[in-house]
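I opened my notebook to record what I looked up in this structure. My entries follow in the order in which I made them.

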Amino acid sequence: MRQPEPLDALDELRLFLDFSVPLCGADIAYKLREWGHSREQAKNWLRGEAERAGGSLGENGDVLQFSDGRPRSGRAQNRVVRTANELARGVAAAALLAQLEGKSGVEAFGGFYGLTARPTETDAARVQDVGVV
C-alpha cells in the first residue's frame, strides 16, 4: 500500500487556517471583552492586527508558499511559525472587524471565516458580544 501524496502548500495553509482562525478569533474576542474597549477602539485595534498580518505575510510569505517540506529548526522554524501565527491572527481580526461592521465575515485563501448567520442588531451593537469566527 502506498502512502498518500502530501498536500500541496495551499491546501496545507487552508487546513491550518481552518483550525487556527477560530481559535485566534475566540482569543481576540475574549481579550476585547476583558479590555472593555469601545466599539471604535475595538475596530481600530482589529484593523491594526489585520494590517500587521498583511505586512508579515508580505515580508515573510515566501516561507509559507515555497516550503520544500523538510523539517526546520532554529531561526528558520521560528520564522515559519511566527508568520503562520500572525497570518491566522490577522484573518481572525479581519473576520471580527467585518462582523463589527455588520458583515458576516471574510474570505481568505479560498475559505470563509466568520459567522454563518448574520448577528442580530443588538449583538452587533456591543463589542462584548463579538462572535467567534
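**Strands and hairpin**

I began with the strands, and I found that β1 (residues 105-108) and β2 (residues 111-114) run antiparallel and are joined by four bridges. Two strands pair if DSSP finds at least two bridges between them, and helices (H or I, at least four residues) and strands (E, at least two) are DSSP runs, numbered from the N terminus. I noted that Ala108 has Gly111 in β2 as its bridge partner. Two residues lie between the strands of this hairpin, where Phe109 takes a positive phi near 55 degrees.

**Notes on the model**

This is a predicted model, in which local features need pLDDT of at least 70 and side-chain atom pairs count only at pLDDT 80 or more, while totals for chains, interfaces and linings use all residues. Residues are numbered from 1 along each chain as its sequence is written, and side-chain values use heavy atoms, with hydrogens and water left out.

**Arg89**

I then looked up Arg89, which has its place in helix α4 (residues 74-100). Is Arg89 buried or exposed? Arg89 is buried, because its relative accessible area is 16%, and buried means under 20%, exposed over 50%, partly exposed in between (1.4 Å probe, protein chains only). Leaving out residues up to four places away in sequence, I listed the residues that Arg89 touches (heavy atoms within 4.5 Å) as Cys24, Asp27, Ile28, Lys31, Trp45 and Glu49.

**Leu17**

For Leu17, setting aside neighbours within four places in sequence, I noted contacts with Pro22, Leu87, Ala88, Phe109 and Tyr113.
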